[in-house]
Amino acid sequence: MLKIAIIGTGNISRLHIEGYQEFSEKCRIVALCDIVPAKAEAMKANYNLAEAKIYESYQDMLSEGGFDLASICTPPFCHAEISINALKAGVNVLVEKPMAASLEECDQMLAAERESGKILSVIAQNRFRDPIKNLKAVLDSNLAGRVLHAQVDSFWWRGHSYYDLWWRGRWDREGGGCTLNHAVHHIDMLLWMMGEPDKVTALLSNAAHNNAEVEDISLAALRYPNGALSQITSSVIHHGEEQQLIFQCEKARISAPWQVYASISQPNGFPVENKELAGQLDDFVTALPQLNYEGHTAQIEDVLKAVENGTRPSVGGIDGRRTIALICAIYRAGTLKRETAFTIDKDDDFYTVEGILKSVPRFFEKTASVDELGGTITVGSNYKYF
C-alpha cells in the first residue's frame, strides 16, 4: 500500500485527491501540507481523510517521512524547490504543471531525480483523454500524411479579479502569464504530437488585466526543419474557452475535438472532397480502445503503476522540461521582438529565473493581493465537443 502526501491544498489538489481515492486498493493519503493549515484541515474533512496528518511546513513533513509519493500542488515558483527536496528525501514526485519557472530549475529537478533513483512525473493530464490520445494515434499512423500546419487555440477566460490572488500576476510568483500557466497544456500536446521546432517568433501583450505584470495573451509562430509551421494562441481573454488542436496534413484535416475533412485535387488543382479517406479516418478512430480513466485520475494511475513496478511514467521530467523550453523560447522571442532558436543555452538570460525576471516586460503593476478567492474553477476542455 503506497502512502501519499499532498503538498498544497488549493483548488487543483482536489483532482489529485479524487484521483488517488479511485485507487484505494493501491494507496492512501497520509499527509496534507499547506502554509495555511486550516485549508488542509478543510480538505481533510471534505474528503474524509481520517489518516492524513496535517503539516504547515513541507520541510517538517519530509523530515518525518513515512510516505512514498508526493503530489505537489503549490504555486509554480516553489515547484522546483519542493520537488528537489522531496526527491532527495527519497520520495517519488508528481508535480503540477508548469514543471518549473525556468530551464535551470528543470535541470536541477532532473539531476535530483537521477541522483535519488526516484520518479519525477509532471502533470500533463490531457494526454490521458480519449480525443487527444486518438488524435496522436492518427498522426502516428500517417493515414493523413505529414503535418504541414498546426493551429493550437489555448483559449481561456479569466476575470479581472483572477489576478488579485496573492501569487498570481507577478513574474516572480506565477512565473509568467497565460503562456506558462494555461497554454502549458496545449504546448505539451503539440510537442508530443509534432516534435520540436527549430525557430520561434512571438508577440506578448496584456489586453484586459491591468492588475497584473504578466501577459494575458500571446501569439507564437513555430517553424520546423521540414518546412512545416504551427501557431499557438495563449489567452485568458477568450469567451467560451473553445480549446482545440487542428492539424492540416498532406491528405486531410484532423483535430481535437474530432473533425475530419479530406481533399483531393482536380486536374486544375482545385479541391474536391475525398469522402473515402475521411471515412477511413473516422473508422480508425472509432476502432481505438477507450481509456478506463481520463485526466488527472488516469495519469495518477500511470504514476502509481510506475512506482509499484519500478518503471518509468508515461510523462516524465524530460517531457516537462521540453514544454518549459518552448515557453521560454516564446518569452524570449516576444521580449526581444525577434526570431529565436528553440534551444536556449545555459549562458542565456532566459535559462534562469533571475535572467527572465531581469528581461521580461511588466505590462502593469499588480494592484491587489488577497489570500483567497471564492467560486469554482475551470480546468479546460474534454476535447469531445465545444
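Author: Let us begin with a term: an angle between two elements runs from 0 to 180 degrees and is taken between their N-to-C directions, along lines fitted to C-alpha atoms. The model discussed here is a predicted one.

Reader: At what angle does helix α12 run to β8?

Author: Helix α12 comprises residues 317-336 and lies across β8, β9, β10 and β15. Its direction relative to β8 (199-205) is about 65°.

Reader: Which strands are the edge strands of the sheet?

Author: The open sheet has 9 strands with mixed pairing, in the order β14-β13-β12-β11-β7-β10-β9-β8-β15. An edge strand pairs on one side only, and this applies to β14 (271-273) and β15 (340-341).

Reader: In which sense, parallel or antiparallel, do β9 and β10 pair?

Author: Strands of a sheet pair through backbone hydrogen bonds, in either sense. On one side, β10 (229-235) runs parallel to β7 (147-155), joined by 7 bridges, with Phe155 opposite Ser235. On the other, Ser218 stands opposite Ser234 of β10. β9 and β10 form a hairpin with 5 residues between them, and their 7 bridges are antiparallel.

Reader: How many of the 7 residues of β10 are buried?

Author: A residue is buried if its relative accessible area is under 20%. Strand β10 is largely enclosed by the rest of the structure, because the number of its residues that are buried is 5.

Reader: What angle does the direction of helix α9 make with that of β7?

Author: Helix α9 (184-194) packs on the sheet and touches β7, β9, β10 and β11. Its direction makes an angle with that of β7 of about 165°.

Notes. Residues are numbered from 1 along each chain as its sequence is written. This is a predicted model: local features need pLDDT of at least 70, side-chain atom pairs count only at pLDDT 80 or more; totals for chains, interfaces and linings use all residues. Side-chain values use heavy atoms; hydrogens and water are left out. Two strands pair if DSSP finds at least two bridges between them. Helices (H or I, at least four residues) and strands (E, at least two) are DSSP runs, numbered from the N terminus. Contact means heavy atoms within 4.5 Å. Buried means under 20% relative accessible area, exposed over 50%, partly exposed in between (1.4 Å probe, protein chains only).
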